[in-house]
Amino acid sequence: MQMMFSLPMEMKVNQEDFELEFEESKAVLQFKAAGAALKVNESSGAAGDNEQSPLANLLPQPLRLKYNVGKIIGDGNFAVVRICKDRTSGKDYALKIIDKAKCKGKEHYVEAEKAVPPSHRGDLFDSITQASKFSEPQSRLLISHLTSAIAYLHSLSIVHRDIKPENLL
Ligand SMILES: Nc1ncnc2c1ncn2[C@@H]1O[C@H](COP(=O)(O)OP(=O)(O)OP(=O)(O)O)[C@@H](O)[C@H]1O
């Protein structure tokens, strides 16, 4: 991916500022290796009308009654995200299941489960691992979407504090 950032004149940057750090490149390689296996393992877990992922049985009953919960479509440090289907409307949602044990002291900020519209196109991290590079017009579009989203959050006095490719859908 090629990106252009405008930095303050006094800020010095080196080549290594643009190279992946050891942990980052390890994560990219692990992701590439695990990607194919994950797709095979989870491919039988779609949120069809009658299918329910066995692990989804661990969810609270009201949720299981409302949604047919299917395969994992993403995971992060605090949550797993599963595709699910509203049993009444038939609409698909992404159900984010947050591990409250990992949010010690901040429990009051989080709902343990939240269903939002799903993105079927993966996140920017997936795209970076799949594409060898992005063109300038693509990079420009990505950055303009990102900055407009950040501007919107700032207009609501919200600071994201965790902007990274995995969080850009
Ligand atoms: N609405 C959605 N549709 C599709 N995939 C999603 C959706 N929301 C999240 N994901 C996937 O799930 C992954 C984990 O979600 P998220 O980043 O919200 O979890 P987290 O535990 O808060 O992550 P973090 O490691 O940033 O703290 C994302 O990187 C993304 O791939």
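T129 counts as buried because its relative accessibility is 11%, where buried means under 20% relative accessible area, exposed over 50% and partly exposed in between (1.4 Å probe, protein chains only). T129 belongs to helix α3, residues 124-130. A polar atom of the T129 side chain lies 2.7 Å from the backbone oxygen of D126.

## Basis of the model

The model is predicted: local features need pLDDT of at least 70, side-chain atom pairs count only at pLDDT 80 or more, and totals for chains, interfaces and linings use all residues. Residues are numbered from 1 along each chain as its sequence is written, and side-chain values use heavy atoms, with hydrogens and water left out.

## Overall architecture

The protein has four helices and four strands, arranged along the sequence as α-α-β-β-β-β-α-α. Helices (H or I, at least four residues) and strands (E, at least two) are DSSP runs numbered from the N terminus. Of the 169 residues of the protein, 18% count as buried.

β2 and β3 pair in the antiparallel sense over seven bridges; strands pair if DSSP finds at least two bridges between them. Within this pairing, I83 has A94 of β3 as its bridge partner. The two strands form a hairpin with five residues between them, and G90 in the turn has a positive phi of about 75 degrees.

## The ligand shell

The shell around the ligand holds 20 residues, of which N77, F78, K96, D123 and E166 come nearest; a residue is near a molecule if one of its heavy atoms lies within 4 Å of it. By class, the shell has nine nonpolar, five polar and six charged residues. Here Ala, Val, Leu, Ile, Met, Phe, Trp, Tyr, Cys and Pro count as nonpolar, Asp, Glu, Lys and Arg as charged, and the others, Gly among them, as polar.

The ligand lies between domain 1 (54-119) and domain 2 (136-167), because both give residues to the shell. These domain bounds come from an automatic or database domain assignment.

## Distances to ligand oxygen atoms

A polar side-chain atom of D123 lies 2.6 Å from an oxygen atom of the ligand. For N77, a backbone N or O atom is 2.8 Å from a ligand oxygen atom, and a polar backbone atom of F78 is 2.8 Å from an oxygen atom of the ligand. The protein covers 87% of the 620 Å² of accessible area that the ligand has on its own, with areas from the Shrake-Rupley method and a 1.4 Å probe. β1 (67-75), β2 (79-86) and β3 (92-98) are the elements that give two or more residues to the shell; the largest share, three residues, comes from β1.

Technical notes
A polar contact is a pair of N or O atoms within 3.5 Å; within protein, one must be able to donate a hydrogen and the other to accept it, and residues adjacent in sequence count only if both atoms are side-chain atoms.
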